[in-house]
Amino acid sequence: LNQDDEDFLKSLADQACAEDEGLESVAIWVCVQHDFEINTILDRLRANGCRPSLFWTTKASTGWGNKFSERVPYFHAGAQWHKAMDYSDEYFESGQAMLDYLERSFQYS
């Protein structure tokens, strides 16, 4: 799987900000589920000298930010679901039901 393929993950970082570019104005969005993914991508960006103006990742809104707070001094995340959302569909009767599923399945809270 790509989530375990270190070379693949590094290549994504290289495509966003190559070593010879060292871009400071690049904005990066990453949707990942595992610490290994985001840590590999972040390590490669740093090794390439990349200093993104924005780095948004789904892992920042999970326990990753607390476990690796020294990795990125100022990290912000937003979440798509909240218990107060007036939401329902054929799968979930409420925003809280969606949050309960995410916590059970992905430890996402």
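**Close-up views of a predicted model**

**View 1. The cysteines Cys17 and Cys50.** Cys17 counts as buried, at 0% relative accessibility. The model is predicted, and in it Cys50 is likewise buried, with a relative accessible area of 7%. A disulfide is a covalent bond between the sulfur atoms of two cysteines. A search of the whole structure finds zero disulfides.

**View 2. The protein chain and its elements.** Four helices and two strands are present in the protein chain, and from the N terminus on they follow the order α-β-α-β-α-α. Of the 109 residues, 33% are buried. Among contacts with a separation of 6 or more, 62% join residues 24 or more positions apart. The accessible surface comes to about 7300 Å², and carbon and sulfur atoms contribute 49% of that area.

View 3. Helix H2 spans residues 35-47, 13 residues in total, and reaches 18 Å from its first C-alpha to its last, close to the expected 18 Å. Its buried residues are Asp35, Glu37, Ile38, Asn39, Thr40, Ile41, Leu42 and Leu45. Gly49 follows H2 and has a positive phi, near 80 degrees.

View 4. An α-helix has 3.6 residues a turn, so residues three or four places apart point the same way. Lys10 is partly exposed, with a relative accessible area of 25%, and Glu6 is partly exposed at 37%.

**View 5. A salt bridge between Arg44 and Asp14.** The side chains of Arg44 and Asp14 meet at 2.8 Å, N to O. Arg44 belongs to helix H2 and Asp14 to helix H1, so this pair ties together parts that are 30 residues apart in sequence. Arg44 counts as partly exposed at 25% relative accessibility, as does Asp14 at 24%.

**View 6. A salt bridge between Asp35 and Lys67.** Here the side chains of Asp35 and Lys67 meet at 2.4 Å, N to O. Asp35 lies in helix H2 and Lys67 in helix H3, so the pair ties together parts that are 32 residues apart in sequence. Asp35 is buried, with a relative accessible area of 19%, whereas Lys67 counts as exposed at 52% relative accessibility.

Notes
Residues are numbered from 1 along each chain as its sequence is written. This is a predicted model: local features need pLDDT of at least 70, side-chain atom pairs count only at pLDDT 80 or more; totals for chains, interfaces and linings use all residues. Side-chain values use heavy atoms; hydrogens and water are left out. Buried means under 20% relative accessible area, exposed over 50%, partly exposed in between (1.4 Å probe, protein chains only). Contact means heavy atoms within 4.5 Å. Accessible areas come from the Shrake-Rupley method with a 1.4 Å probe; for residues, only the protein chains shown count as cover. A disulfide is a pair of cysteine sulfur atoms within 2.5 Å. The expected span of a helix is 1.5 Å times one less than its number of residues. A salt bridge is a side-chain nitrogen of Lys or Arg within 4 Å of a carboxyl oxygen of Asp or Glu.
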